[in-house]
Amino acid sequence: MPLTVQERQEFLAQPHVAAFSVAAGAGRGPLTVPIWYQYSPGGEAWILTGPQSQKMRYLRETGRFGLMVQQVEPTVRYVSVEGPVTRTTPMTDEMHREMAERYIPAESVDAYLKAAEAYGEQVAVFLRPEHWLSADLGNVSEL
């Protein structure tokens with residue numbers, strides 16, 4: 001059963017690890033990798049990546065990407081969103097902390113941010129949700 005607009009936005013706002021997907025060119029399937037993301041209902045989703053990464057190269061070529069998040073317990077549920085890149089900005093310390101705090105236990109955030117300095121420069125890439133797919137398939141163990 002499809003989710004309502006409110007249900008899918010609230011589900012996407014939860015800290016799932018997303019499957020990020022971007023077209024990788026003629027004769028290739030999409031580049032699909034796990035990624036952390038941030039989203040607030042009604043707003044834009046955003047990710048962090050290196051400005052010279054393969055993801056960023058394909059994003060510059062296509063101008064679009066998708067995210068898919070799912071859970072399998074207590075119910076099988078997923079939300080997929082796709083849309084245009086609206087802007088790319090340099091990552092700020094505040095953005096990096098916000099993303100880390102979304103996924104990492106509070107007591108580990110500072111150590112993570114210190115270790116992540118080794119990754120070098122990062123950018124934030126924003127997506128305007130344009131196309132949504134969603135479903136709640138229920139508890140499949142009860143079928």
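In which strand does Leu 67 lie? Leu 67 is found in β4, where strands (E, at least two residues) and helices (H or I, at least four) are DSSP runs numbered from the N terminus. The model is predicted, so local features need pLDDT of at least 70 and side-chain atom pairs count only at pLDDT 80 or more, while totals for chains, interfaces and linings use all residues. Residues are numbered from 1 along each chain as its sequence is written, and side-chain values use heavy atoms, with hydrogens and water left out.

Leu 67 is buried, with a relative accessible area of 1%. Buried means under 20% relative accessible area, exposed means over 50%, and partly exposed lies in between (1.4 Å probe, protein chains only). Apart from neighbours within four places in sequence, Leu 67 is in contact with Ala 18, Ala 19, Phe 20, Ile 35, Tyr 37, Ala 45, Ile 47, Val 79, Ser 80 and Val 81; contact means heavy atoms within 4.5 Å. The C-alpha atoms of Leu 67 and Phe 126 are 12 Å apart in space, although 59 residues separate the two in sequence.

Leu 67 also belongs to the largest nonpolar core, which has 36 residues. A nonpolar core is a set of buried Ala, Val, Leu, Ile, Met, Phe, Trp, Tyr and Cys residues joined through side-chain atoms within 4.5 Å. The members that touch the most other members are Leu 12, Phe 20, Tyr 37, Ile 47, Leu 59, Phe 65 and Leu 67. Strand β6 gives the most to this core, with five residues.

Tyr 37 touches Phe 11, Leu 12, Gln 14, His 16, Ala 18, Trp 46, Ile 47, Leu 67, Val 69, Met 99, Arg 102 and Tyr 103, when residues up to four places away in sequence are not counted. One of these, His 16, is in the loop between α1 (5-13) and β1. His 16 is buried, with a relative accessible area of 12%.

Ala 19 is in strand β1 and is partly exposed, with a relative accessible area of 24%. Beyond four places in sequence, Ala 19 is in contact with Thr 32, Val 33, Gly 66, Leu 67 and Met 68. Ala 19 and Ser 40 are 21 residues apart along the chain, and 18 Å separates their C-alpha atoms.

In α2 (residues 54-62), Lys 55, Met 56, Tyr 58 and Leu 59 are buried. These residues lie on the same side of α2 because they cover an arc of only 165° around the axis, the arc being that of the directions from the helix axis to the C-beta atoms. The buried residues of α2 pack against β1 (18-22), β2, β3, β4 (64-71), β5 (76-90) and β6 (123-127). Gly 63 follows α2 and has a positive phi, near 75°.

In α3, the buried residues are Met 95, His 96, Met 99, Ala 100, Arg 102 and Tyr 103. Seen down the axis of α3, they fall within an arc of 155°, so they line one face of the helix. Asp 93 and Glu 94 are exposed on the other side of α3. The buried residues of α3 pack against α1, β3, β5, α4 and β6.

In α4, Val 109, Leu 113 and Ala 116 are buried. Their arc around the axis is only 65°, which puts them on the same side of α4. The face turned away from this buried side carries the exposed residues Asp 110, Ala 111, Lys 114 and Ala 115. Helix α3 is included in what covers the buried residues of α4.

The loop between β4 and β5 contains Pro 74. A cis peptide bond joins Glu 73 and Pro 74, with omega about 0°.

The largest pocket is lined by 13 residues, and Trp 36, Leu 48, Tyr 112, Tyr 119 and Gln 122 lie nearest its centre. The elements that give two or more residues to this lining are β2 (31-35), β3 (45-49), α3 (93-103) and α4 (109-116). Of the elements, α3 gives the most to the lining, with three residues. On a 1 Å grid over the protein atoms alone, a pocket is an open set of points where a 1.4 Å probe fits, with protein on both sides within 12 Å along at least five of seven lines; lining residues have an atom within 4 Å of a point.
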